[in-house]
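This briefing concerns the structure shown below.

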Amino acid sequence: MDQVTVAGVDCGTNSIRLLIAKVDRQGLHPVAPRLMRVIRLGEGVDRNHRFSDQALERAFEACRLFAQQLHEHPVDGLRFVATSATRDADNREKFEAGVRSILGVTPEVISGSQEASLSFLGAVSVLEQRGGTDMPPAPYLVVDLGGGSTELVLGGDGSDLPVDHVRASYSMNIGSVRMTERHLLNDPPSQEQIDQALEDVDGWIDRAFDQVPVAGVGSVIGVSGTVTTMSALALGCEVYNRHAVDGQSISVDAACRVDDRVLNMSRQERMELKAIHPGRVDVIGGGALIWSRLLERLGQASPSALASGTYVASEHGLLDGLVLDYGRTLLRE
């Protein structure tokens, strides 16, 4: 067998995505448009440790949409992974049973380290295709900033280690939804709330830097909706355009300025920025806070990581890694 057609579903704290692609030795090749829905599955999970009925129904509605797409594009296999919010929810069996009844597959609740590895694989697989002088300098630090957790993954040293080899990773229990629900309660948030959130984020970054040796990082690659959205705003996009953002080198200074501006906006002001998906409007400030603090701390801990004054924004992360890894597994079997 030279290729397989597989589907992957990445169900996060804030959004759920479907990708159907052919996988061969050269990589993955999408056969249908990617689907994404903001479902806010993790709404209230940080506080209640349970999925609400409304959040579950939003998830199931998206799964029914995905079932239609899968009916139109038959696959050799489907892998469904769930991340931070599902790890924390006491009633996740209800979620798993609902997904199984709609899609015929049981969600695989992956650990933070598994999430990190798949995100890294997805991000660097696209770099490998670029090759030559277009390759940013290794080693790579991939940052996957989600709704419930943020993964730091270091890998590929540019010589001995393969480009997709993970050297170290750490999953921080902070994300756009979690920070917003935990700290940024006013609209717009007060300075006291912002300071408390920064203290929370700094504590997690301290622990992450103890586990991930960032001092020698050559390039930072940011994946996930928060990073790509803030990158679009830093580029001056009036509406979101994935092709304008994907693979672009983004000015750290421009990103931090727009992060700070969005963090201090009211919800109404953020709604007027059409580059922000409506489903992210009320939590993007929490993600912007995490991203700008991470960039600041990385610049201090690893001058080489942001020596060019830029990071790489990528539309390719966990979902791509999931599909590529699953397809390769089926090919081996």
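**Cavities, pockets and local geometry**

The model is predicted: local features require pLDDT of at least 70 and side-chain atom pairs count only at pLDDT 80 or more, whereas totals for chains, interfaces and linings use all residues. Residues are numbered from 1 along each chain as its sequence is written, and side-chain values use heavy atoms, with hydrogens and water left out.

**Enclosed space**

- The structure holds one cavity of 30 Å³ or more. On a 1 Å grid over the protein atoms alone, a cavity is a set of points where a 1.4 Å probe fits but cannot get out, and lining residues have an atom within 4 Å of a point.
- The volume of the largest cavity is about 50 Å³; a volume is the space filled by probe spheres set on the grid points, which are joined across faces, edges and corners.
- At least two lining residues of the largest cavity come from each of helix H1 (45-48) and helix H6 (176-182). Helices (H or I, at least four residues) and strands (E, at least two) are DSSP runs, numbered from the N terminus.
- H6 gives the largest share of this lining, three residues.
- The lining of the largest cavity comprises three nonpolar, four polar and three charged residues. Ala, Val, Leu, Ile, Met, Phe, Trp, Tyr, Cys and Pro count as nonpolar, Asp, Glu, Lys and Arg as charged, and the others, Gly among them, as polar.

**Open pockets**

- The largest pocket contains about 800 Å³ of space. A pocket is an open set of points with protein on both sides within 12 Å along at least five of seven lines.
- Its lining has 40 residues, of which Arg17, Met36, Gly225, Arg280 and Glu315 lie nearest the centre of the pocket. Two or more lining residues come from each of strand S2 (15-24), strand S4 (35-38), strand S7, helix H8 and helix H13 (318-332).
- H8 supplies the largest share of the lining of the largest pocket, four residues. By class, that lining has ten nonpolar, 20 polar and ten charged residues.
- The second largest pocket has a volume of about 270 Å³. Of its 16 lining residues, Thr180, Leu184, Arg270, Asp282 and Val283 lie nearest its centre.
- H6, helix H11 (267-271) and H12 each give two or more residues to the lining of the second largest pocket. That lining divides into five nonpolar, four polar and seven charged residues.

**The H10 and H12 pair**

- Helix H10 (residues 252-263) and helix H12 (residues 284-301) have axes that come within 8 Å and cross at roughly 145 degrees. Axes are lines fitted to C-alpha atoms, for helices over the stretch in contact, and angles run from 0 to 180 degrees between N-to-C directions.
- H10 and H12 form a left-handed crossing, a term for the near helix being turned anticlockwise from the far one by less than a right angle.
- On the H10 side, Val252, Ala255, Cys256, Asp259, Val262 and Leu263 take part; they meet Ile284, Gly285, Ala288, Leu289, Trp291, Ser292 and Leu295 in H12. Contact means heavy atoms within 4.5 Å.
- This contact has ten nonpolar, two polar and one charged residues.

**Cis peptide bonds**

- Ala138 and Pro139 are joined by a cis peptide bond with omega about -5 degrees. Pro139 is located in the loop between helix H5 (112-130) and strand S7 (140-145).
- A cis peptide bond also runs from Asp187 to Pro188, with omega near 0 degrees. Pro188 is placed in the loop between H6 and helix H7 (191-211).

**Positive phi and accessibility**

- His49, a residue other than glycine, has a positive phi near 60 degrees. His49 lies in the loop between H1 and helix H2 (53-72) and is partly exposed, with a relative accessible area of 39%.
- Ser224 is not a glycine, yet its phi is positive at about 105 degrees. Ser224 occupies the loop between strand S10 (219-223) and helix H8 (225-234) and counts as buried at 17% relative accessibility.
- Glu61 lies in helix H2 and counts as exposed at 53% relative accessibility. Buried means under 20% relative accessible area, exposed over 50%, and partly exposed in between (1.4 Å probe, protein chains only).
- Glu61 and Ile102 are 41 residues apart in sequence and 9.5 Å apart in space, C-alpha to C-alpha.
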